[in-house]
Amino acid sequence: MSFISSEQVRFKYKLEGLDDDWIDAGSRRSVSYSYLPPGTYTFRVTATITEPNYQGITTGVLVINKAIPVITWNNPANITFGTPLSASQLNATSSITGTFAYNPPAATVLSVGNNQLSLTFTPADTTNYTTATKSVELMVSQVTGTEVNFGSAAYTVNEDGLHATVTVIRTGDLSGTVRVDYATQDQAG
């Protein structure tokens, strides 16, 4: 059995689309580039071997994908029913600039229970970064009293199998309090 010593192998490489000419790597068996923009490249390597029983060239395709932005967004603290979503819950960050689109959006009032919040992040640099998504969970606790503060001009409560939708639209002077009286009635089928 015979192994070729590294002194008997000399390498040259070329990354088509980036390198204009072949680069002599000597006996070095690794290559690094400090920056490769996204794209598809052909990486060519030739090995010159002084051993007469071995020879060869190999070619491979190297695909550099757009980077995925890192989003930091932890599960927000629990809120009580009637609290509209705000920057306290919709507070994701990224190390790169871009825009966040939240679902559901700010000012939405969620149903009691565990709710999923999600976002789509669109980077400002769409050449090198792709859009990214992330989700977190938010627990909405039932109101312990009988009073809910309707402080905004438009207020909507989502509906699920156990809760009805309440919509309050305020006009005029919004500085005062609003009282909403309601009654429930089970419908026999």
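Among contacts (heavy atoms within 4.5 Å) in the chain with a separation of 6 or more, 50% are accounted for by residues 24 or more positions apart. The model is predicted, so that local features need pLDDT of at least 70 and side-chain atom pairs count only at pLDDT 80 or more, while totals for chains, interfaces and linings use all residues. Residues are numbered from 1 along each chain as its sequence is written, and side-chain values use heavy atoms, with hydrogens and water left out.

The chain contains 12 strands and 0 helices; strands (E, at least two residues) and helices (H or I, at least four) are DSSP runs, numbered from the N terminus. Of the 189 residues, 24% are buried, where buried denotes under 20% relative accessible area, exposed over 50% and partly exposed in between (1.4 Å probe, protein chains only).

A nonpolar core is a set of buried Ala, Val, Leu, Ile, Met, Phe, Trp, Tyr and Cys residues joined through side-chain atoms within 4.5 Å. The largest such core comprises 16 residues, of which I71, W73, L117 and L119 touch the most other members. Two or more residues are given to this core by β9 (113–123) and β10 (132–141), with β10 giving the most, 4 residues. Another core, of 5 residues, lies apart from it and includes V9, F11, A25 and V45. Beyond its neighbours within four places in sequence, I71 is in contact with residues including F100, L119 and F121.

T99 is located in strand β8 (residues 98–103) and counts as exposed because its relative accessibility is 51%. Neighbours within four places in sequence aside, T99 is in contact with T120, F121 and T122. The C-alpha atoms of T99 and T131, 32 residues apart in sequence, are separated by 9.8 Å in space.
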